[in-house]
Amino acid sequence: MEYTWYWLDDSGQWIEYGQEHPDHCSATVTSADLEKKFLADREGIVLFRAGSQKYELNFEDMVQTNLIYKTQRKVARLPKHLFSQGGQDRSQNMTLSHTVCPPQWDQSALPDIGFKLVQLSYTSQEYGKIKKLFEKTMKDYCILQLQRIQNPALWQVFQWQKEQMKKLNKSKWVDERLLFHGTSLSHVSAICEQNFDWRICGTHGTMYGKGSYFARDASYSHQCCPSSIDHHSMFVAQVVVGDFLLGETKSTFSLQPDLGFQTGFWTVM
């Protein structure tokens with residue numbers, strides 16, 4: 001999995017390192033440079049320049065500091081595939097919500113990088129909501145445990161994608177739903193860290209074409225959940241859906257570059 005590095009400017013735009021931008025001087029380090037140094041030392045510090053200014057990037061704190069004025073900027077490391085779809089670079093227009101995570105998230109379990117799983121109490125409202133959805137079509141099954149995936153980076157990406165859909169639809173509203181996704185236990189960790197990747201599909205069927213499959217009914221997604229001894233694993237995901245169209249087994253859907261990502265804007269049924 002490849003990653004891209006960004007810094008947050010005053011206007012709320014995430015700017016990719018080393019890329020030309022009309023409002024900012026290009027950094028002397030590229031996103032690829034930072035990723036290489038990060039993998040070598042995840043607690044390291046990188047020195048670089050942008051125009052006449054000197055900067056320090058601290059991997060542990062994920063902060064960029066101007067060495068002259070001491071101003072600081074947030075830094076983000078995000079999966080590259082989230083922004084490489086659609087045929088054009090979107091880093092200059094990537095405006096993410098400043099609300100890093102939902103209020104119900106456990107503030108003591110917010111990782112700087114990657115994700116953490118938080119066990120939900122069966123008495124919580126969040127647990128009850130998901131249990132009710134699950135039992136609509138899975139009355140003969142019981143839930144052993146529910147874990148919330150807390151991945152701040154992917155949450156910000158999700159908020160940004162919603163804003164893009166609002167702009168495309170010229171609306172203040174988007175159709176957001178809680179949907180189920182069945183998969184193998186071996187894929188769970190990768191999805192938690194990197195999000196759903198429509199390019200990696202076909203393991204459990206592509207009846208309506210290539211893509212990531214989500215279902216209203218847990219019973220449908222259950223069919224794509226190989227059992228592990230005596231239990232299964234399933235995701236409940238917040239999904240923003242777009243236009244609906246009928247797919248076929250050999251269908252491959254791609255959007256025009258000016259319509260947005262190949263994921264997140266179309267719902268295939």
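## Basis of the description

Two strands are taken to pair if DSSP finds at least two bridges between them. Helices (H or I, at least four residues) and strands (E, at least two) are DSSP runs, numbered from the N terminus. The structure is a predicted model, in which local features need pLDDT of at least 70 and side-chain atom pairs count only at pLDDT 80 or more, while totals for chains, interfaces and linings use all residues. Residues are numbered from 1 along each chain as its sequence is written, and side-chain values use heavy atoms, with hydrogens and water left out.

## Strands β3, β4 and β5

Strand β4 (residues 53-58) pairs with strand β3 (residues 45-50) in the antiparallel sense, over 6 bridges. The two form a hairpin with 2 residues between them, and G51 in this turn has a positive phi of about 65 degrees. Strand β4 also runs antiparallel to strand β5 (residues 63-66), to which 4 bridges join it. This second hairpin has 4 residues between its strands, and M62 in the turn has a positive phi of about 55 degrees.

## Helix α1 and its cover

Helix α1 (residues 31-40) has S31, L34, E35 and F38 buried, where buried means under 20% relative accessible area, exposed over 50%, and partly exposed in between (1.4 Å probe, protein chains only). Seen down the axis of α1, these buried residues fall within an arc of 100 degrees, so they line one face of the helix; the arc is that of the directions from the helix axis to the C-beta atoms. The face turned away from the buried side carries the exposed residues A32, K36 and A40.

The buried residues of α1 are covered by elements including β1 (3-8), β2 (14-16), β3, β4 and β6 (72-79).

## A nonpolar surface patch

I45, L47 and L67 make a nonpolar surface patch of about 280 Å². Patches are made of residues with over 30% relative accessible area and no salt bridge, with like charges joined within 9 Å and nonpolar side chains (Val, Leu, Ile, Met, Phe, Trp, Tyr) within 5 Å. Accessible areas come from the Shrake-Rupley method with a 1.4 Å probe, and for residues only the protein chains shown count as cover. L47 lies in strand β3 and, at 60% relative accessibility, counts as exposed.

## A buried loop residue

A109 lies in the loop between α2 (81-84) and β7 (116-119) and is buried, with a relative accessible area of 11%. Leaving aside its neighbours within four places in sequence, A109 is in contact (heavy atoms within 4.5 Å) with K116, V118 and Q150. A109 and Q150 are 41 residues apart in sequence and 7.6 Å apart in space, C-alpha to C-alpha.

## Salt bridges

The whole structure holds 7 salt bridges, each being a side-chain nitrogen of Lys or Arg within 4 Å of a carboxyl oxygen of Asp or Glu. One of them joins E126 and R148 (2.7 Å, N to O). E126 lies in helix α3 (residues 125-135) and R148 in strand β8 (residues 147-150), so the pair ties together parts that are 22 residues apart in sequence. E126 is partly exposed at 25% relative accessibility, whereas R148 is buried at 11%.

Another salt bridge is that of K162 and E176 (3.1 Å, N to O). K162 lies in helix α4 (residues 152-169) and E176 in strand β9 (residues 175-182), so this pair ties together parts that are 14 residues apart in sequence. K162 is buried at 13% relative accessibility, and E176 is partly exposed at 32%.
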